[in-house]
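Open the model in your viewer and keep the selection tool at hand. The tour goes from one selection to the next.

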Amino acid sequence: MGLPVKNNSFFQFPQKLRVGEGILLQKTQEVEYELKAVIEHLGGSSSGHYVTYKLEDSTWFRCSDDKVAEVPLNEVLNAQAYMLFYESSFGQ
């Protein structure tokens, strides 16, 4: 077997995600989700560093170890996402 390779392709993801009828929990209406956090991996397949972007009270923050900084939404949406976290507005 060869060495693992990290896929560095950019994945465009939305701030608001709408899931339509019949796709989620047999609901008949559209459900909207809002992006709440993004985890980004910096580095290669065998080493690197994780950074988290988190939405708190309509402000985005970039968290890297003990450094926390306010960032614009544009920076979040241009992150090389490793994991995305959305929260549903259903039932609120």
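Select Gly 43 and, opposite this residue in E3, Gly 48. This is a predicted model, in which local features need pLDDT of at least 70, side-chain atom pairs count only at pLDDT 80 or more, and totals for chains, interfaces and linings use all residues. Residues are numbered from 1 along each chain as its sequence is written, and side-chain values use heavy atoms, without hydrogens and water.

Now select strand E2 (residues 31–43) and strand E3 (residues 48–56), which run antiparallel and are joined by 7 bridges. Strands are DSSP runs (E, at least two residues) numbered from the N terminus, and two of them pair if DSSP finds at least two bridges between them. The hairpin from E2 to E3 passes through 4 residues.

Leu 55 has Trp 60 in E4 as its bridge partner. In the hairpin of E3 and E4, 2 residues lie between the strands, and Asp 57 in the turn has a positive phi of about 50°.

Stay in strand E4 and pick Ser 64. Is Ser 64 buried or exposed? Its relative accessible area is 13%, so Ser 64 is buried (under 20%; exposed is over 50%, partly exposed in between, with a 1.4 Å probe and protein chains only). Leaving aside residues up to four places away in sequence, Ser 64 touches His 49 and Val 51 (contact means heavy atoms within 4.5 Å).

Last, go to strand E6 (residues 81–88) and select Phe 85. Phe 85 is partly exposed because its relative accessible area is 37%.
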